[in-house]
Amino acid sequence: MFPQHFTVLSFYQKKKDIWIYRAQDEEHHYILKCIRSGQSDLHQAILDEYESLCHLSHPGIPSYFGLCENFVLPDRAESVTALCMEECTGIPLLKKASFLSVNDTLSILFSIGEILSFLLQNGILYTDLHPSNILIRELGDHYSVTLLDFTCCYYFLKNPNPSYPLRFSYNLSPDLKGQHMLIQELSLLFHALLSLHNNTREEMNLPFRVCMLLETGNHPEETLSLEDFLRMIKECII
């Protein structure tokens with residue numbers, strides 16, 4: 001349910017045609033995604049996002065609290081469509097990647113893959129695996145992972161032929177099926193994270209099994225499933 005009132009509501013940032021606000025009340029901290037009325041394609045993207053995610057519960061994705069079609073912002077004269085979700089805590093993976101060991105990076109990659117698998121089982125192909133869209137939190141000897149920014153993902157059960165363009169972080173092979181696309185994206189993310197390390201690939205002296213993981217992910221065979229690839233990642237974790 002969309003909150004009845006906010007004790008705090010402040011502008012956070014603008015991403016293309018979406019205004020993002022931070023808000024809170026007595027119980028929660030929120031993020032509001034706001035768009036002008038009349039933006040039909042973007043409105044459909046926001047609606048698909050809300051209707052596909054509002055019933056899902058997973059520690060790696062934000063909770064969704066409601067959608068308001070005529071929300072009045074305090075700093076703007078016009079009413080907007082506002083999507084209200086949980087403000088998740090953590091450090092962007094992009095800021096932490098260069099300080100992580102290869103083993104920690106693999107563990108985080110495995111957790112991300114489990115979230116992608118959960119989403120896929122619920123009709124969502126998430127293809128925006130940029131490190132800035134991933135939050136991590138240190139919990140003892142491991143890291144928890146949260147994915148952000150679900151606008152313009154492929155909600156193939158809700159809307160198999162969307163009018164809005166889907167969002168892709170990498171130049172994925174367009175002929176790949178959904179699971180293979182996620183495998184390739186995980187591999188490309190792993191490449192990106194390794195490139196942020198202070199040491200070169202040669203200096204890191206990656207084990208043969210990790211090198212094979214990268215090669216397999218770059219060119220996934222037709223018989224390779226996402227679960228198979230997750231098992232390969234797990235086998236590389238020391």
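**Ground rules.** I number residues from 1 along each chain as its sequence is written, and side-chain values use heavy atoms, with hydrogens and water left out. Because the model is predicted, local features need pLDDT of at least 70 and side-chain atom pairs count only at pLDDT 80 or more, while totals for chains, interfaces and linings use all residues.

**Helix 6 and helix 7.** I started with helix 6 (residues 208-218) and helix 7 (residues 226-236), whose axes come within 9 Å and cross at roughly 160°. Axes here are lines fitted to C-alpha atoms over the stretch in contact, with angles from 0 to 180 degrees between N-to-C directions. Helices (H or I, at least four residues) and strands (E, at least two) are DSSP runs, numbered from the N terminus. That angle makes helix 6 roughly antiparallel to helix 7 (over 145 degrees counts as roughly antiparallel). The crossing is left-handed, meaning the near helix is turned anticlockwise from the far one by less than a right angle.

I then listed who touches whom, with contact meaning heavy atoms within 4.5 Å. Helix 6 brings Arg209, Val210, Leu213, Thr216 and Gly217, and helix 7 brings Phe229, Met232, Ile233, Glu235 and Cys236. I sorted these into six nonpolar, two polar and two charged. In this scheme Ala, Val, Leu, Ile, Met, Phe, Trp, Tyr, Cys and Pro are nonpolar, Asp, Glu, Lys and Arg are charged, and the others, Gly among them, are polar.

**Helix 3 and helix 7.** Next I looked up helix 3 against helix 7: the axes come within 9 Å and cross at roughly 160°. The two are therefore roughly antiparallel, and their crossing is left-handed. From helix 3, I found Asn103, Leu106, Leu109, Phe110, Gly113, Glu114, Leu116 and Ser117 meeting Leu226, Glu227, Leu230, Ile233, Lys234 and Cys236 of helix 7. By class I get eight nonpolar, three polar and three charged residues.

**Thr105.** I stayed in helix 3 (residues 102-121) for Thr105. Thr105 counts as buried at 2% relative accessibility (buried is under 20% relative accessible area, with a 1.4 Å probe and protein chains only). Its side chain reaches the backbone oxygen of Ser101 at 2.9 Å. Leaving out residues up to four places away in sequence, Thr105 touches Leu100, Phe190, Leu193 and His197.

**Ala23.** Last, I checked Ala23 in strand 2 (residues 18-24). Ala23 is buried, with a relative accessible area of 3%. Not counting residues up to four places away in sequence, I saw Ala23 touching Phe6, Val8, Leu9, His28, His29 and Tyr30.

Technical notes
Parallel < 35°, antiparallel > 145°, perpendicular 65-115°, else oblique. Buried < 20%, exposed > 50% of the residue type's maximum accessible area, 1.4 Å probe, protein only. Polar contact = N/O pair within 3.5 Å; in protein donor to acceptor, adjacent residues only side chain to side chain.
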